Amino acid sequence: MTSEGPEAEAGWVIAVEDPRVGDVLGLLEKHLRFTHETSPPEDRHALDLLGLLDPAVTLFSARSAGELLAIAALKELDPTHGELKSMHTAVAVRGRGIGRAMLHHILGVACQRGHLRLSLETGSMEAFAPARALYTSAGFSLCGPFADYPSSPNSTFMSLPLA
């Protein structure tokens with residue numbers, strides 16, 4: 001599945017991606033490094049390569065002229081509930097709306113798959129403030145822990161009902 005929305009007009013292509021591809025592994029490593037630098041070990045919930053290879057997870061990438069700009073994943077928790085995972089935009093292209101385009105793409109895929117709700121877990125520390133602002137601006141609201149997440153002061157849980 002590729003994107004046909006505003007991001008396509010901006011020259012970005014959003015499509016399903018293999019997490020084992022070299023540049024994807026590189027951006028994933030940066031994402032994991034960020035979580036290790038900002039979150040205590042018991043509250044690191046980012047998916048590594050093995051987690052992204054889980055059949056319940058679909059990884060998407062945003063590319064422009066072949067250059068990897070961002071990644072994000074959709075994990076099926078059950079047939080009506082999806083989870084946003086592993087969202088990360090390359091530092092050099094932040095602020096251009098790519099993260100928002102990825103989020104909207106995943107929302108569309110979740111709706112197509114019949115999910116009635118999309119949830120996420122992100123950090124509650126200041127380093128995660130831009131992510132929380134993005135999710136809030138897209139309509140996500142605070143919720144309690146879901147799936148097998150424990151309650152933690154280091155985690156912010158958010159959810160969005162899907163029509």
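1. Confidence. The mean pLDDT of the protein (the predictor's confidence in each residue, from 0 to 100) is 92, and 94% of the residues score at least 70. This is a predicted model, in which local features need pLDDT of at least 70 and side-chain atom pairs count only at pLDDT 80 or more, while totals for chains, interfaces and linings use all residues. Residues are numbered from 1 along each chain as its sequence is written, and side-chain values use heavy atoms, with hydrogens and water left out.

2. Helices (H or I, at least four residues) and strands (E, at least two) are DSSP runs numbered from the N terminus. Where pLDDT is low, the predicted coordinates should not be read in detail.

3. Nonpolar core. A core here is a set of buried Ala, Val, Leu, Ile, Met, Phe, Trp, Tyr and Cys residues joined through side-chain atoms within 4.5 Å; buried means under 20% relative accessible area, exposed over 50%, and partly exposed in between (1.4 Å probe, protein chains only). The largest core has 40 residues, and Met102, Leu103, Tyr135 and Phe140 have the most contacts inside it. Elements that each supply at least two of its residues include helix H2 (22–38), strand S3 (67–78) and helix H5 (129–137). H4 gives the most, eight residues.

4. Phe140. Leaving aside residues up to four places away in sequence, Phe140 touches (heavy atoms within 4.5 Å) Leu103, Leu107, Leu118, Leu120, Tyr135, Met158, Ser159 and Leu160.

5. Phe34. This residue lies in helix H2 and is partly exposed, at 26% relative accessible area. Phe34 touches Ala127 and Phe128, again not counting residues up to four places away. The C-alpha atoms of Phe34 and Ala127 are 9.2 Å apart, although 93 residues separate the two along the chain.

6. Cysteines. With a disulfide taken as two cysteine sulfur atoms within 2.5 Å, the count is zero. The sulfur of Cys143 is too far for a bond, because the closest cysteine sulfur, in Cys111, is 17 Å away. Cys111 is partly exposed at 35%, as is Cys143 at 28%.

7. Aromatic pairs. Rings of Phe, Tyr and Trp (its six-membered ring) pair if their centres lie within 6.5 Å; planes under 30 degrees apart count as stacked, over 60 as edge-to-face and the rest as tilted. The whole structure has five such pairs. Phe146 and Phe157 are edge-to-face, with centres 6.0 Å apart and planes at 85°. Phe146 is in the loop between S6 and S7, and Phe157 in strand S7, eleven residues apart. Phe146 is buried at 6%, and Phe157 is buried at 6%. Together with Tyr149, Phe146 and Phe157 form one aromatic cluster.
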